[in-house]
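Subject: Structure handover

Hello,

Please keep the two together when you pass them on.

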Amino acid sequence: MNDAVRKLSQAGRENAELHHREAPNNVEAEQALLGAILVNNDAYYRVSDFLKPIHFNEPLHRKIYELAGDTIRMGKIATTITLKTHLPSDGKVGDLTIPQYLARLAAEAVTIINAEDYGRAIYDLALRRSLINIGEDMVNIAYDAPLDMPPQTQIEDAERRLFELAETGRYDGGFQSFNDAVALAIDMAGQAFERDGSLSGISTGIHSLDGRMGGLQRSDLIVLAGRPGMGKTSLATNIAYNIAAAYEPEVQADGSFKAKNGGVVGFYSLEMSSEQLATRIISEQTEVSSSKIRRGDISEADFEKLVACSQMMQKVPLYIDQTGGISIAQLSARARRLKRQRGLDCLVVDYIQLMTGSGKSSDNRVQEITQITTGLKALGKELNVPIIALSQLSRQVESREDKRPQLSDLRESGSIEQDADVVLFVFREEYYVKNLEPRDEFDPKYEEWKMKFEAVKGTADVIIAKQRHGPTGTVKLAFQSEFTRFTDLADPSFTQYEH
């Protein structure tokens with residue numbers, strides 16, 4: 001009995017200690033850093049790029065750091081004398097007044113050499129406190145969840161907050177000075193100079209398309225649209241595989257990897273299964289018809305090609321998610337997870353109309369599509385990757401004599417056209433001309449039809465209907481339907497841009 005009482009009282013003490021645990025902080029590190037800044041303002045520049053006032057645990061220290069930063073940025077000197085006029089003189093820190101406390105900080109300052117180490121310690125402790133807040137919120141919400149918040153939504157919200165915390169240094173928001181923007185632009189130009197093809201963006205692997213677009217630009221939402229049968233999924237698959245196959249990592253100073261050429265690709269296949277997508281890619285790479293692969297109508301030589309191709313493809317950083325009817329919140333959460341675990345340089349979504357919104361606006365499809373496109377644009381900026389989103393076109397194209405698509409043909413078009421940085425239309429005149437074939441080959445119009453069909457056979461137009469960074473126009477490509485492959489036309493006369 002006594003043992004049971006003793007165990008119970010010990011458990012009670014441990015619970016009390018747990019309950020009164022203090023959030024991780026280091027007042028001495030905060031004091032040492034502030035003292036160093038007050039003695040030598042150069043210490044501020046050693047930490048200001050990553051350390052913000054919010055990272056200080058002590059409210060007074062937060063205020064002092066903020067005042068020191070404002071003063072230094074105005075070109076003035078931040079000292080105990082210049083700062084004390086902006087702080088309440090009657091405030092107390094223990095037995096000291098605030099002016100006396102500032103003087104104590106300066107008197108016990110560490111050298112400027114240690115400033116960055118103390119700054120990192122303060123920053124790391126702030127991250128730990130943020131982790132505790134996220135964890136507490138997760139527990140509290142899970143215990144007392146609102147009726148309109150299913151567990152999956154809470155998981156997605158927690159993932160989003162954790163990703164934002166992990167990427168704080170990169171996505172801290174706020175205004176950016178023009179000098180920083182100029183430096184980034186010059187850096188981008190330098191990377192383009194060193195990259196294969198001298199492109200500012202990621203190469204699609206199709207040179208004539210890269211020549212017009214400069215590659216796929218980071219954070220852009222690229223809408224690739226077309227009527228069924230035009231080959232938009234084939235083009236997206238070709239581009240995705242070309243990027244992944246060209247992936248060439250480069251080690252950064254912090255030990256992380258960055259794509260020098262190509263990149264890691266995430267492919268959301270809402271329409272086709274991963275096996276179907278893989279079959280298309282294998283067909284394209286081996287030049288064995290996908291229909292023959294599915295039927296097993298292949299020779300021994302073809303089979304050896306398939307095996308060799310599959311072994312090569314295992315090394316390609318192309319990741320496929322085949323979840324149907326995925327929501328924009330789920331898609332974003334999974335993309336963040338992929339970037340965190342494997343890296344991510346390009347995202348493909350096939351296609352917009354198969355996605356769902358949050359559920360609240362599902363009764364209004366136009367609002368739901370707006371929510372999806374706005375979410376995709378925001379995700380591209382957050383992850384700093386280009387997003388290729390496929391879209392269907394409305395049937396009004398079929399009712400026109402000229403079947404070439406226009407921006408107004410985008411289904412639920414308003415938000416898609418508005419949010420997209422680039423809009424590409426895939427148009428194969430061969431598809432329409434083939435359907436006009438006269439039934440009788442002795443028909444006087446048959447020869448005329450045959451000449452027209454031969455002129456467009458095996459070609460496709462990629463119409464750049466909108467581009468924020470460059471001109472619009474049309475790029476002619478070759479299309480091999482049996483291998484579902486888009487390539488540059490071999491005849492140089494076809495590579496000229498049409499306007």
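Strand S9 (residues 387–392) is mostly covered, with six of its six residues buried. Buried means under 20% relative accessible area, exposed over 50% and partly exposed in between, with a 1.4 Å probe and protein chains only. Strands (E, at least two residues) and helices (H or I, at least four) are DSSP runs numbered from the N terminus.

This is a predicted model, in which local features need pLDDT of at least 70 and side-chain atom pairs count only at pLDDT 80 or more, while totals for chains, interfaces and linings use all residues. Residues are numbered from 1 along each chain as its sequence is written, and side-chain values use heavy atoms, with hydrogens and water left out.

The burial of S9 holds on both faces: Ile387, Ala389 and Ser391 lie on one side, and Ile388, Leu390 and Gln392 on the other. Two strands pair if DSSP finds at least two bridges between them. S9 runs parallel to strand S3 (residues 221–226), joined by six bridges, and Leu224 stands opposite Leu390. Strand S8 (residues 346–350) is also parallel to S9, with three bridges; there Val348 has Ile388 as its bridge partner.

Strand S12 (residues 473–480) is largely enclosed by the rest of the structure, because seven of its eight residues are buried. Strand S11 (residues 459–467) runs antiparallel to S12 over six bridges, and five residues separate the two in a hairpin. Ile463 is bridged to Thr474 of S12.

S12 also pairs antiparallel with strand S13 (residues 485–488) over four bridges, where Leu477 stands opposite Asp488. Their hairpin has four residues between the strands, and Thr484 takes a positive phi near 45 degrees.

Regards
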